[in-house]
Each structure stands twice: as C-alpha cells, then as structure tokens.
Amino acid sequence: MKKTEIVFATNNLHKLKEVQQAVGNKIILLSLKDINFKGEIPETQDTIEGNSKQKVEYIFERYNIPCFADDTGLIIDSLNGEPGVYSARYAGEACSFKDNCDKVLRNLAKKKDRKARFKTVISFMDQHGIKTFEGVVEGTILEEYKGSDGFGYDPIFKPVGYNETFAEMTTELKNEISHRGLAVKKLLLFLESYLP
Ligand code: IMP
C-alpha cells in the first residue's frame with residue numbers, strides 16, 4: 001500500500017505522536033526535524049488563525065509537501081480576550097507555564113466573570129490552497145491550581161460540564177473534549193477524503 005506523507009509543522013513530539021495515532025497508518029506524518037527544517041517559523045500575526053496560516057504557508061512554500069500547522073490560545077472574556085495569541089509568552093519571553101498561570105490568576109483576582117475558552121486552529125495546505133479546522137472548548141478559570149497532569153493553563157481551566165480541570169483528567173478524556181482534540185477530529189475527516 002502506498003502511504004501518503006504529510007508534514008505536521010511542529011517539533012513537539014508529544015503532539016506528533018498523538019496526531020499520528022489518530023490518523024492511523026495510511027498517512028505518515030513528518031515533523032519539521034524529519035524534513036530537516038532547522039530555523040524558526042515566524043509567528044507574527046495578531047490572531048490565532050493568522051499564526052496558524054502563516055506557519056503552514058511558510059513551510060509549504062519551501063518544501064511543497066502537503067502540510068498542516070496548529071496554533072492555540074486561551075481567551076478570557078473579562079481580560080478582553082487575553083492571553084489569546086500571546087498564550088505561550090503571556091508573562092514574558094522566557095516564562096514558565098506557572099508564570100503564565102500566576103499572571104492570569106493575578107489579573108482575574110478582582111473579576112467576577114471568569115469565563116474562558118481554548119481555541120485551536122489547524123491550517124492544512126497543499127497545491128489547492130489552505131483549509132482551516134477549528135476546535136473550541138468553553139470553561140472557567142478557577143481561583144487556584146487543581147491537578148498536576150497536562151501542561152500550560154490546564155491546572156486552572158475547568159471545562160463546562162465537568163468538575164475537574166484539564167490537569168486532573170486522563171489524557172483520553174482531555175483529548176475527547178479539548179480544543180485541539182476537536183480540531184484534529186475535523187482535520188481527520190478531511191484527510192479521509194483527501195486520501196487516494
Ligand atoms: P501552541 O500554539 O499549541 O503552542 O499553544 C500556545 C500556548 O497555549 C502554550 O504554550 C500553552 O501555554 C497554551 N496551551 C495550548 N494548548 C493547551 C492545552 O491543551 N492546555 C493548556 N494550555 C495550552
């Protein structure tokens with residue numbers, strides 16, 4: 001059986017493995033390392049969609065292999081959508097996940113409205129152009145950390161309809177309901193029709 005190769009424009013091996021498992025064995029996902037890309041992909045747009053598209057265009061134009069890229073942000077209503085597109089570096093350039101969570105908790109200290117959502121946009125590009133797939137999960141920001149699994153803002157984010165934060169959930173449950181999980185499901189449906 002001939003296998004289709006698609007680039008996932010990431011060096012995050014955890015994400016690569018997760019998505020490879022989901023796409024099955026008809027598609028081989030190549031990481032940036034696999035295609036020998038060593039630089040930094042620019043992420044200079046002011047929206048999550050914009051950065052996701054910028055990443056995929058940058059790689060497709062250079063390698064001409066079907067490619068997808070993802071970008072995610074945490075959007076908090078009473079902080080005017082912050083940290084949003086700046087989620088990775090909300091507390092500064094070399095900040096830790098804890099620095100970012102602490103900054104969110106500080107900024108929300110006097111706010112009643114703690115509604116938030118995670119949004120992921122996956123952009124896929126081939127010779128026919130770009131398609132985007134979005135996943136959103138609604139939730140609230142707690143007043144303190146709960147749970148130790150996961151990463152990023154997981155210990156302070158409780159999705160609607162659940163009594164646990166993302167950091168208290170199994171990876172399976174998180175993937176089932178999360179922003180990235182939902183966007184990946186849409187990508188997979190598209191990839192099925194994309195295969196020969
Ligand atoms: P990226 O675009 O996937 O690299 O995500 C940007 C930032 O959003 C990350 O550095 C994390 O701080 C945060 N983030 C992304 N996905 C998640 C998640 O599933 N849980 C918690 N935080 C996340």
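## Around the ligand

A polar side-chain atom of Arg180 sits 3.0 Å from an oxygen atom of the ligand. For the ligand, the protein buries 88% of the 480 Å² that it exposes when taken alone; accessible areas here are Shrake-Rupley values with a 1.4 Å probe, and for residues only the protein chains shown count as cover. Bear in mind that this is a predicted model, where local features need pLDDT of at least 70, side-chain atom pairs count only at pLDDT 80 or more, and totals for chains, interfaces and linings use all residues. Residues are numbered from 1 along each chain as its sequence is written, and side-chain values use heavy atoms, with hydrogens and water left out.

Asp71 brings a polar side-chain atom to 3.4 Å from one, while Thr72 has a polar backbone atom at 3.0 Å from an oxygen atom of the ligand.

## The shell and the pocket

Which residues come nearest to the ligand? Out of 14 around it, they are Lys15, Thr72, Asp154, Lys174 and His179 (a residue is near if one of its heavy atoms lies within 4 Å of the molecule). By type, the shell splits into five nonpolar, four polar and five charged residues; nonpolar covers Ala, Val, Leu, Ile, Met, Phe, Trp, Tyr, Cys and Pro, charged covers Asp, Glu, Lys and Arg, and the others, Gly among them, are polar. Strand S3 (67-76) and helix H5 (179-194) each give at least two residues to this shell. Helices (H or I, at least four residues) and strands (E, at least two) are DSSP runs, numbered from the N terminus.

The ligand takes up the space of the largest pocket. A pocket is an open set of points on a 1 Å grid over the protein atoms alone, with protein on both sides within 12 Å along at least five of seven lines.

Asp70 belongs to strand S3. It counts as buried because its relative accessible area is 6% (buried is under 20%, exposed over 50%, partly exposed in between, with a 1.4 Å probe and protein chains only). The Asp70 side chain makes a polar contact with the side chain of Lys15 at 3.2 Å. Such a contact is a pair of N or O atoms within 3.5 Å; within protein, one must be able to donate a hydrogen and the other to accept it, and residues adjacent in sequence count only if both atoms are side-chain atoms.

Thr10 sits in the loop between strand S1 (4-8) and helix H1 (13-23). With 8% relative accessibility, Thr10 is buried too, and its side chain reaches the backbone nitrogen of Asn12 at 2.9 Å.

Where is the cis peptide bond? It runs from Glu82 to Pro83, with omega near -10 degrees, and Pro83 lies in strand S4 (residues 83-84).

Asn80, in the loop between S3 and S4, has a positive phi of about 55 degrees although it is not a glycine. Asn80 is exposed, at 76% relative accessible area. Asn36 has a positive phi as well, near 70 degrees. Its loop links strand S2 (27-30) and helix H2 (48-63), and Asn36 counts as exposed at 52%.

## Out on helix H4

Glu172 is part of helix H4 (residues 171-177). Is Glu172 buried or exposed? Exposed, since its relative accessible area is 61%. From Ile130, Glu172 is 42 residues away in sequence and 29 Å away in space, C-alpha to C-alpha.

Key: On a 1 Å grid over the protein atoms alone, a cavity is a set of points where a 1.4 Å probe fits but cannot get out, and a pocket is an open set with protein on both sides within 12 Å along at least five of seven lines; lining residues have an atom within 4 Å of a point. A molecule sits in a cavity or pocket if more than half of its atoms lie within 2 Å of its grid points.
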